[in-house]
Amino acid sequence: MLLEAFSPHDLLTAYIKNTLAGYPRLEDQNLDDLTVELLYPTDEAAEHCIKEFLALRLDDDNEHELEQ
């Protein structure tokens, strides 16, 4: 698959830059600088969501095992 050729960091960077590029009011801004500025908090938020998802998933799996 094509996406497997890129790291998650590269994909997140491309997603942020592409999203920012869609805002006409940012035309005079440096998208590279804005992307770097947003990359860390976005990465942290994604990591938090993933950990929360896994914790809930593992709790559900454990409950299911206990019921059996």
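Predicted model: local features only at pLDDT ≥ 70, side-chain atom pairs only at ≥ 80, totals over all residues.
In soluble globular proteins, nonpolar side chains tend to be buried together.

Helix α1 is considered next. Its 14 residues reach 20 Å from the first C-alpha to the last, close to the 20 Å expected at 1.5 Å a residue. The buried residues of α1 are L12, I16 and L20. These residues lie on the same side of α1 because they cover an arc of only 65° around the axis. On the face turned away from this buried side, α1 carries the exposed residues Y15 and N18. Apart from its neighbours within four places in sequence, L20 is in contact with L26, L31, L34, T35 and L38.

Charged side chains form a further set of contacts. Two salt bridges are found in the whole structure. In one, D32 pairs with K17, and the closest N and O atoms are 2.3 Å apart. This pair links distant parts of the chain, since D32 belongs to helix α2 and K17 to helix α1, 15 residues apart. D32 is partly exposed, with a relative accessible area of 43%, and K17 is also partly exposed, at 31%.

A salt bridge also joins the side chains of E47 and K51, at 3.0 Å from N to O. E47 and K51 are separated by about one helical turn because they are four residues apart in helix α2. E47 is partly exposed at 35% relative accessibility, whereas K51 is exposed, with a relative accessible area of 52%.

Notes:
Residues numbered from 1 in each chain as written. Heavy atoms only, no water. Contact = heavy atoms within 4.5 Å. Helix = DSSP H or I, 4+ residues; strand = E, 2+ residues; numbered from the N terminus. Expected span 1.5 Å × (residues − 1). Buried < 20%, exposed > 50% of the residue type's maximum accessible area, 1.4 Å probe, protein only. Arc of directions from axis to C-beta. Salt bridge = Lys/Arg side-chain N within 4 Å of Asp/Glu carboxyl O.
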